[in-house]
Amino acid sequence: MAGFLAVLAPILGLGLGGIELAHWMNLRQTLSLALMDAARAGITRQASPQAIADAFEQGLRAIYIRPAAQTRALQVRRHALGIPWQIRIRQPGPAAFLDHADAALPVPRAHPAQALIRNDYQAAQHARRLRQGWPEGRGPQSGLTIFEANTLLMDLWWPQAPLAPGVSAVVRALAPLHGDPIGRRMMEKGYLPFRRRIRLGMQSHPASWPDLPDGRVVHGGPATVPGSAPPDVPAGMPADGASAPSGSSGAQAPGETTPETGQAPPADPSDTEWEMEKPDATAPGQDTTGGTPEACAP
C-alpha cells in the first residue's frame with residue numbers, strides 16, 4: 001500500500017498533464033479556425049471591428065455548441081478580466097491611413113470623415129509612391145507600402161481556464177514573467193493566455209474604424225485590459241504571449257503556415273519572429289491577394 005501510494009501521485013499527475021496538453025492542442029486549432037472566420041469577415045467588410053467580433057464569436061460555436069454555454073463562458077471571463085477575449089488589429093493602423101488614405105474614393109462611408117485606403121489598382125498606386133520619392137514606396141508615417149496597407153494582420157488573445165487542479169495556482173505564480181500586459185493580466189487571474197495571429201490580404205477598401213467600446217476588438221500594438229496596469233512593452237515590440245506560462249520561447253508550430261502569395265514582408269520587424277518562411281518582397285507593380293494564417297503555440 002505504501003509503494004502504491006508513492007507512485008500514485010506522479011502517475012495521476014502525468015495522466016492529468018496529458019489530458020490538459022491534448023485539450024490545449026485541440027483548443028489551439030479551434031481558435032485558429034475561429035480567427036480565420038473573423039479575418040475573412042474583416043477582409044470583406046472593410047476591416048470592421050464589429051464584423052470581426054461577430055464572426056469570431058460565431059466561430060466559437062465549435063467549442064460551445066449550446067449558445068447558453070457560450071454566453072455563460074464569456075460572461076465569466078468578462079467578470080474576471082473585463083473582456084472575454086481580445087483581437088488586436090495591428091495592420092492597417094492609423095498611420096497607414098495617414099499615408100495611403102484616398103479621399104476621392106467614390107464608395108459609401110460610415111461617416112463623411114471616414115478614411116479609406118483604395119484596394120484596387122495597387123500596382124499603379126505603388127508606382128505613384130515611387131515617383132513621389134518614397135523609398136521602396138513606404139509611407140513616411142507608417143513605413144508600409146500600399147500592398148502592406150491592404151493586408152489585415154490581427155492578434156487574438158484568448159484566456160483559458162486549466163482543467164487540471166492546481167495548475168491555476170502555478171499560472172498565477174508565473175504571471176510576472178509574462179511580457180505582455182494582456183497575457184500577464186490573464187495569468188494573474190489563473191487563465192492560460194492563448195495567442196494566435198493571422199494575416200490576410202484585404203478584399204475590400206480598408207476603412208478607419210474606432211475600437212469597440214467593450215474592448216473585444218482594438219487597434220494597434222500592446223494594449224491594456226480594464227483593470228490592468230499600463231503597458232510596459234514599447235509599441236512595435238513582439239508580445240511573448242505565444243509562450244506557455246513557464247515563459248518558453250514563442251516558436252511557431254510547424255506545419256501551420258500556408259504558402260505565401262508574394263506579399264511584401266511586414267514593416268514591423270516583430271512580425272517576422274513568428275514566421276517560418278520569409279516571403280519574397282513584392283516587386284514594383286505587382287498586386288497581391290490571398291493571405292497567410294500565422295500561428296503561435298500557446
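User: How many of the 11 residues of helix 2 are buried?
Analyst: This is a predicted model. In it, 8 of the 11 residues of helix 2 are buried, so the helix is largely enclosed by the rest of the structure.

User: Which ones are buried?
Analyst: P49, A51, I52, A53, A55, F56, E57 and G59.

User: On to the largest nonpolar core. Which residues touch the most other members?
Analyst: The core has 36 residues, and those with the most contacts to other members are L31, F56, W85, I87, M154, W158 and V217.

User: Which elements supply at least two residues of it?
Analyst: Helix 1 (2-44), helix 2 (49-59) and helix 3 (67-81) do, and so do strand 1 (86-91), strand 2 (151-160) and strand 3 (192-201). Helix 1 gives the largest share, with 10 residues.

User: What does I87 touch?
Analyst: Leaving out residues up to four places away in sequence, I87 touches L35, A38, I52 and F56, then M154, D155 and L156, and finally R216, V217 and V218.

User: What is in the second core?
Analyst: That core is separate and has 7 residues, among them A96, F97, L144 and F147.

User: Switching to charges. How many salt bridges does a search of the whole structure find?
Analyst: It finds 10. One of them joins the side chains of D180 and R88, at 2.8 Å from N to O.

User: What does the D180 and R88 pair tie together?
Analyst: D180 sits in the loop between helix 7 (167-174) and helix 8 (181-188), while R88 is in strand 1, so the pair links parts that are 92 residues apart in sequence.

User: Is D180 buried or exposed, and what about R88?
Analyst: Both D180 and R88 are buried.

User: What about D155, which residue does it form a salt bridge with?
Analyst: D155 pairs with R90, and their closest N and O atoms are 3.6 Å apart. D155 belongs to strand 2 and R90 to strand 1, so this pair ties together parts 65 residues apart in sequence. D155 and R90 are both buried.

User: And R118, which side chain does it meet?
Analyst: The side chain of R118 meets that of D120 in a salt bridge, 3.1 Å from N to O. R118 counts as buried because its relative accessibility is 17%, under the 20% cut-off. D120, with a relative accessible area of 30%, is partly exposed.

User: Which residues do salt bridges with shared partners join into one network?
Analyst: R90, D155, R195 and R197.

User: Where is R78?
Analyst: R78 is in helix 3. Its relative accessibility is 34%, so R78 counts as partly exposed.

User: What does R78 touch?
Analyst: Not counting residues up to four places away in sequence, R78 contacts I83, P84, D214 and R216.

User: How many residues apart in sequence are R78 and D214?
Analyst: They are 136 residues apart in sequence, with 9.7 Å between their C-alpha atoms.

User: Last one, the surface. Which residues form a nonpolar patch there?
Analyst: M1, F4 and L5 form one, with about 390 Å² of accessible area together. Of these, F4 lies in helix 1.

How values were computed. Residues numbered from 1 in each chain as written. Predicted model: local features only at pLDDT ≥ 70, side-chain atom pairs only at ≥ 80, totals over all residues. Heavy atoms only, no water. Core = buried A, V, L, I, M, F, W, Y, C linked by side-chain atoms within 4.5 Å. Buried < 20%, exposed > 50% of the residue type's maximum accessible area, 1.4 Å probe, protein only. Helix = DSSP H or I, 4+ residues; strand = E, 2+ residues; numbered from the N terminus. Contact = heavy atoms within 4.5 Å. Salt bridge = Lys/Arg side-chain N within 4 Å of Asp/Glu carboxyl O. Patch = residues over 30% accessible without salt bridge, like charges linked within 9 Å, V, L, I, M, F, W, Y side chains within 5 Å. Areas by Shrake-Rupley, 256 points an atom, 1.4 Å probe, with all protein chains shown as cover.
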